[in-house]
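Me: I have a model open and would like to learn how to read it. Could you walk me through it, feature by feature?

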Amino acid sequence: MPAHPQVHHRPSMKTRSVAVLNWFRKHVIAIVAGLIFFFLLVPNAVVVWMSFNKPSGKYNVKWEQFSLDAWKNPLNDGILHDPLMLSLEIALVATLVATVLGTMIAFAIVRHSFKGRGFVNSVLFLPMAAPEIVMGTTLLALFLNTFGVGFLGFKSILIAHIMFCVSYVVITVKSRLNGMDPMLEKAAQDLYATPWQTFWRVTFPLVAPGIGAAALLSFALSFDDFIITEMTAGSSLTFPYWIWNAVQKGIPPQVNVIGSLMLVITLAGIAVAEVPKWVKATKSH
Amino acid sequence: MSAEAATEPAQTAGAVGAVATQAELRADRRVRRRRALLPYLLLAPGIAWLIVFFVVPMWSIISTSVEEGDMDTGFVLTWRWANFGDVWTNWREQIIRSLEYSLMCTLFCLVLALPLAYFIAFKAGRWKNLLMALVIAPFFTSYLIRTLAWKTILADDGWVMHVLTTLHITPLLSGMGWTYSDNSVLQTPFSVVCGMVYNFLPFTVLPIYTAMEKIDPRLHEAGQDLYASAWATFRKVTFPLALPGIVGGTLLTFIPAVGDYTNAVMLGGPKTKVIGTVIEQQMIGTGGNLPYGAALSVMLMLGTLVITLAYIKRAGTEEIV
């Protein structure tokens with residue numbers, strides 16, 4: 001080969017196309033993954049984009065004119081205030097209760113032996129595997145049979161949300177507990193820490209990120225839930241339920257503003273959690 | 001842990017005293033009993049909540065499904081099992097359509113999730129966590145708003161339609177019956193399944209990624225050393241090892257998809273009505289026949305329960321929960 005350098009200077013069409021083909025074969029998986037990410041993320045971009053739209057009619061589906069109107073008036077003259085507040089209240093209380101109940105279950109499963117483990121696992125797994133409409137209608141039937149229509153509202157939605165959040169809290173906290181070194185607690189005990197001190201000074205700080213993640217997940221699940229909420233809400237309107245009812249009448253761009261804000265807050269959260277890790281990883285390389 | 005530690009002082013006290021007094025023995029027994037009780041105390045509130053508001057309601061829905069009556073006079077439990085025959089006759093078309101849509105959705109999700117999970121697990125290096133965060137990130141904007149965005153994306157004069165028309169894909173879609181005309185894809189099975197795939201894809205990706213991430217990359221090297229092609233390595237090494245994740249991912253996609261009606265209503269039209277819409281209308285809407293809605297729910301519940309139990313029996317719950 002070194003004897004014929006000119007071959008390298010002027011590659012024939014054939015070698016060039018082989019090179020392109022090889023490059024493509026090498027990167028095909030990355031290209032496909034890129035396209036799928038595009039598919040997953042484009043709707044979010046559209047949500048943000050359309051929040052700057054100024055629709056002439058009631059429907060904010062077609063791009064017409066750039067405007068900051070919706071951002072200056074995000075609650076749409078107060079129309080969105082009540083649904084948003086109801087969703088926030090429910091999400092906060094549901095998160096609090098589900099996180100406490102779920103964390104207790106996770107500790108029992110990972111740290112203790114008890115009878116009926118299979119039953120407990122099934123009861124935890126089934127709510128995640130049941131279609132939402134089934135959970136919604138079964139709860140509706142229970143509430144109607146036991147308390148009547150008057151019960152539907154804040155209380156019934158809250159009960160439903162706590163129910164479907166608990167399982168997700170359990171898996172999240174459980175995986176954190178499983179990843180913990182039990183020797184740390186043994187060490188605390190060897191140093192004469194009481195069980196109470198061991199728990200609050202060693203175990204809890206170590207599990208806290210898992211509990212935090214579980215709480216965030218619960219909040220997102222509850223705030224965004226629609227199908228179960230629709231079934232158990234009666235005449236109360238949460239934010240997603242309000243959107244659902246507004247679809248026929250026309251959705252104002254303010255809904256996109258709130259959607260964009262939710263996205264920005266989440267991405268900021270991810271950045272806060274991940275950036276220090278990259279910096280660390282880059283420095284150590 | 002904390003309970004284990006609590007027994008230690010009692011045991012030490014017994015050992016030091018050489019001869020344990022009756023009182024010490026009794027105290028020891030009490031501590032042991034408390035220790036045995038602790039897991040049940042931790043489990044009780046949460047599990048009770050799930051039993052009362054998840055397991056018991058299943059009985060409520062079954063009893064509602066065999067009631068008889070109407071909105072004005074109220075519904076009475078008459079054990080009318082014929083409700084089930086009625087709903088099958090009335091809404092067979094919607095039941096079958098829901099199955100078709102959710103099976104298609106699951107298939108497309110799997111086809112997209114496999115390369116995506118593979119790329120993130122094996123090729124993304126230290127970008128892994130960021131990319132997984134991007135897979136989940138869409139979840140944090142209300143999914144109804146994101147689903148509505150597809151109306152903009154798939155609009156008749158949008159760029160997707162432009163690309164599909166230029167590439168002559170639109171006649172192909174209408175030829176297969178996925179759309180109804182060559183100039184529009186909205187309000188068709190195509191737009192509904194597209195929205196479903198978009199909404200449920202992360203559910204497919206997560207378990208598959210978790211399974212693939214556990215695979216030792218040296219196994220791939222071994223495959224290559226033995227002159228297996230990339231495809232053969234995937235088929236003979238990666239795929240079997242990721243199988244639990246694939247089964248879990250398809251299950252977590254199919255089950256919510258079969259009961260979903262948000263995509264069918266928001267992106268579909270009168271011809272894409274699914275079983276969820278019928279249940280919604282009968283339970284809280286204009287349909288007004290609670291027992292019919294309940295009977296359809298029971299059918300859906302039993303169907304998914306059978307699938308789930310079959311899966312649990314095969315794979316065990318500990319892996320997923």
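Me: What share of the contacts in chain A with a separation of 6 or more is between residues 24 or more positions apart?
Reply: Two residues are in contact if their C-beta atoms, placed from the backbone, lie within 7 Å. In chain A, 78% of the contacts with a separation of 6 or more join residues 24 or more positions apart. This is a predicted model, where local features need pLDDT of at least 70 and side-chain atom pairs count only at pLDDT 80 or more, while totals for chains, interfaces and linings use all residues. Residues are numbered from 1 along each chain as its sequence is written, and chains are lettered from A and ligands numbered from 1 in the order in which they are written.

Me: How many helices and strands does chain A have?
Reply: Helices (H or I, at least four residues) and strands (E, at least two) are DSSP runs, numbered from the N terminus. Chain A has 12 helices and 0 strands.

Me: And why is chain A more spread out than a compact globule?
Reply: The radius of gyration is taken over C-alpha atoms, and the globule rule is 2.2 Å times the number of residues to the power 0.38. For the 285 residues of chain A the rule gives 19 Å, but the radius of gyration is 26 Å, well over that, so the chain is more spread out than a compact globule. Its C-alpha atoms fill a box of roughly 90 × 70 × 35 Å along the principal axes.

Me: How many residues of chain A are in contact with chain B?
Reply: Here 77 residues of chain A meet 77 of chain B. Helix α2 (residues 13–50) of chain A gives the largest share of chain A's side, 15 residues.
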